[in-house]
Each structure stands twice: as structure tokens, then as C-alpha cells.
Amino acid sequence: MAKPVVIVVGADKGGVGKTTVSRTLLDYFSANNVPTRAFDTESPRGTLKRFHPDVTEIVDMSATPDQMKIFDTLNAASPSVTVIDVRAGLMSPTLAALRDIGFLDAAKAGQITFAVFHILGSSIASLDEIAETANFMGGAKYFLVKNFINNTSFFEWDQATYNSYFHRIKDATELTIPKLNEMAFEQVEVASVPFLKFVANKGVHDDPANYSFVLRGYVRHWLANVWSEFDRIKLTDLVGAGKPMTRSGEK
């Protein structure tokens, strides 16, 4: 890969499903054979690390040594993609820190491929985040993600208000993450495995598991829909991986 890729997944509002989206990204890159590492900023206890312990490290994004751990190793690290799962309330401070260390300038200069997956809630407060985030988006690929984690209705917004926010950032791309069956979601939570392993009926150490056939079917169908959205935005092109192949979890 010619240059490192950094994907920030976050929102200032809590409870919008940021880590769920990060998990689908890690599964997607794994299925497409793209070497990936992740940083979970929910210090000291990380949810992302619970599901993807082999590739995830817990960091404190406000601490300079941990910032160095992530960004000083971008060129040295063998994984070509770095996913940063930003905990609730830290989206704006994280982007400000990236500006202060010169990361955003490096992205503008084309030295780094930078993408932001901004996970939206249904409230106007969540839309207000877009205005704040817009100031940092020069040089970044900006994805506005509607995550239907709990039958949220995003279309109760007044259309004019909706448009006024969504059009503030040039070339912003919208993504839709469909809702996963609640019982299936809970079963994956209990199993503490990646979605891909759940679909494959495997435990934490790739040992045979005994998950429900029905719930595995729901997760497989949902994951395929999520990945079709990633395919639509040409996510593998963004990271220089070329055209997606037939993948496990889609069969």
C-alpha cells in the first residue's frame, strides 16, 4: 500500500452504535484480506477489544503517549488500515487533537488517506455535530452514517432542516446501517465474538460453537446488507485493496 489509511468512527452523542459499526468494518476488512489494526478509546475498558482482541489496543486519545502509539507508527505498522473507535463525547476533541498534531494537514497533502464515519442519532443535537465536525473535514472522506440500532426514525426531521445540515460538507456520503434483529444482536453480545465468527458458528478461539441457526441467519443477512453499503461507497478502493472478492458471511 502506498500510504497509510486511518478511519475514525465516532460521534459526540452516546448510544448511537459506534462500536457496532467499527466491528462491521473490522469484519469487512478481514473478509477482504486487508490487514487492519484497531484502537479502542474507551479507556480503560474497551468494548471493541472484547470482540476483536487480536487486533485491538485500548488507548486514551487525550494522552500524548497514546497519540504517539497510534500516529508515530502509521508508516512502520504492517497493517495498512488503522480503525479508531472514538468513545462518546470525544469526537470533536479527537479531531481537534488531529488538527493540532498536523495530522489533518498531512491528510490534505495526500500523505495519509483519512476517512471519518460519523454515526448519527435521530435528534437535532446529532445534526448539530455535523456543523462542528465540518470544520475539520478538509482532506477527509466524510461518511454520515444513519445507524438504525433501535428502530430510530431519521426521517421525522423537517426536510429543509435535514438538507441544511447534510449539505454543509462538500462530498459527504450517506450510509445506512440497517437494524439487526434484537435477539440475534444480544446473542452475539453474549458470545463476545466478531459477527463473522458468529455466522461461521465458531467460538472465541475458533472452536466449534452451537449458536442458533435462525439467529446466525439473521446476522448473516444483516452483515451482507451492511457490506453492500461498504461496497457501494467503494471502501476497498479507499484502502487500495481493489475489487471485493466473494467473502465468507455472504454465501
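Helix α1 (residues 18-31) packs against helix α10 (residues 213-232) at an angle of about 80°, and their axes lie 10 Å apart; here axes are lines fitted to C-alpha atoms, for helices over the stretch in contact, and angles run from 0 to 180 degrees between N-to-C directions. That angle makes α1 roughly perpendicular to α10, a label given to angles of 65 to 115 degrees. The model is a predicted one, in which local features need pLDDT of at least 70 and side-chain atom pairs count only at pLDDT 80 or more, while totals for chains, interfaces and linings use all residues. Residues are numbered from 1 along each chain as its sequence is written, and side-chain values use heavy atoms, with hydrogens and water left out.

Where the two helices meet, Thr20, Thr24, Leu25, Asp27, Tyr28 and Ala31 of α1 are in contact with Trp222, Leu223, Val226, Trp227, Phe230 and Asp231 of α10, contact meaning heavy atoms within 4.5 Å. The residues of this contact divide into eight nonpolar, two polar and two charged; Ala, Val, Leu, Ile, Met, Phe, Trp, Tyr, Cys and Pro count as nonpolar, Asp, Glu, Lys and Arg as charged, and the others, Gly among them, as polar.

Helix α4 (residues 91-100) has seven of its ten residues buried, so it is largely enclosed by the rest of the structure; buried means under 20% relative accessible area, exposed over 50%, and partly exposed in between (1.4 Å probe, protein chains only). Its buried residues include Met91, Leu95 and Leu98, and just after α4, Gly102 takes a positive phi of about 90°. By contrast, Glu182, found in helix α8 (residues 182-191), is partly exposed, with a relative accessible area of 48%.

Taken as a whole, the chain has eleven helices and seven strands, which are DSSP runs numbered from the N terminus (helices H or I, at least four residues; strands E, at least two). Of its 251 residues, 51% count as buried.

Note on methods. Parallel < 35°, antiparallel > 145°, perpendicular 65-115°, else oblique.
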